[in-house]
Amino acid sequence: MRLRNIPGSREAIAENNYCIPETEPPKGQWHSIFGNNNPIHIEIGMGKGKFIMALAKRNPQINYVGIEKYSSVLLRGLQKLEEEPLENIRFIRMDAEDICDMFDKNEVERIYLNFSDPWPKDRHAKRRLTSHQFFALYQQILKSNGIVEFKTDNIGLFDFSLEEVKEAGWKLDAFTRDLHHDQTMNQGNIMTEYEERFSAKGNPICKLIASR
Ligand code: SAM
């Protein structure tokens, strides 16, 4: 998701209390940011944050961190959060490749990846957020019982991701190629912005859950 650059969006983010500056990573200190020892779940590539904000509202006993590469996109999330403040959520504008600078070993319990960019050219495969290279980064910050949940409507990216779970030496706990018709996996599902858009067009939604 790329929106037209919004002048001043970087500055607006830097001044916002919900946003953690990338330059001051609270690695190992997240519990003092939230003021409690609740589990930390993160979404990488949160877009405008519809999904993670709905989760944070539903689960006040979990702390959520939304990560997004582009400030103009993240700013939309911040604007929504200001209309409906939540204590258990923070955002960071950063590239996921630097995730290990932001979180310590075992600091995260769950990672959500939703409708991640497909990077269709083979030579860009390692940039996909479900490549084995990214799984190796996730392994460094996830607790031993931590999981990754991934949703997409892109069949090619989904097939690639299933292979990469194996390649990374992770376990595939569950998967479906039609989430909205899978009673078990769809239970409690929160639709992301892209999920709403693509399922309205009739595209089946794929989902996998993987653990270390
Ligand atoms: N997750 C949202 C949804 O399902 O509605 C947005 C999906 S959008 C296709 C992918 C988002 O991931 C974009 O907002 C993009 O800027 C962000 N993104 C892509 N690569 C990223 C990276 N390496 N680090 C952080 N964010 C990234």
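This is a predicted model: local features need pLDDT of at least 70, side-chain atom pairs count only at pLDDT 80 or more; totals for chains, interfaces and linings use all residues.

Q: Which residues come nearest to the ligand?

A: There are 18 residues around the ligand, and G45, E68, A96, T192 and Y194 come nearest. For G45, a polar backbone atom is 2.8 Å from a nitrogen atom of the ligand. For Y194, a polar backbone atom is 2.9 Å from an oxygen atom of the ligand.

Q: What does the side chain of T192 reach at the start of helix α8?

A: Helix α8 spans residues 193–200, and at its start a side-chain oxygen of T192 comes to within 3.3 Å of the backbone nitrogen of Y194. After α8 comes G202, with a positive phi near 95 degrees.

Q: At what angle do helices α6 and α7 pack?

A: One reads the angle together with the separation of the axes. Helix α6 (residues 132–141) packs on helix α7 (residues 155–167) at about 55 degrees, and their axes are 9 Å apart. The two helices are therefore oblique to each other. The crossing of α6 past α7 is right-handed.

Q: Which residues of α6 and α7 meet?

A: From α6, H132, Q133 and F135 meet E164, V165 and E167 of α7. By class, this contact has 2 nonpolar, 2 polar and 2 charged residues.

Notes. Residues are numbered from 1 along each chain as its sequence is written. Side-chain values use heavy atoms; hydrogens and water are left out. Axes are lines fitted to C-alpha atoms, for helices over the stretch in contact, and angles run from 0 to 180 degrees between N-to-C directions. Helices (H or I, at least four residues) and strands (E, at least two) are DSSP runs, numbered from the N terminus. Angles under 35 degrees count as roughly parallel, over 145 as roughly antiparallel, 65 to 115 as roughly perpendicular and the rest as oblique. A crossing is left-handed if the near helix is turned anticlockwise from the far one by less than a right angle, and right-handed if clockwise. Contact means heavy atoms within 4.5 Å. Ala, Val, Leu, Ile, Met, Phe, Trp, Tyr, Cys and Pro count as nonpolar, Asp, Glu, Lys and Arg as charged, and the others, Gly among them, as polar. A residue is near a molecule or strand if one of its heavy atoms lies within 4 Å of it. A polar contact is a pair of N or O atoms within 3.5 Å; within protein, one must be able to donate a hydrogen and the other to accept it, and residues adjacent in sequence count only if both atoms are side-chain atoms.
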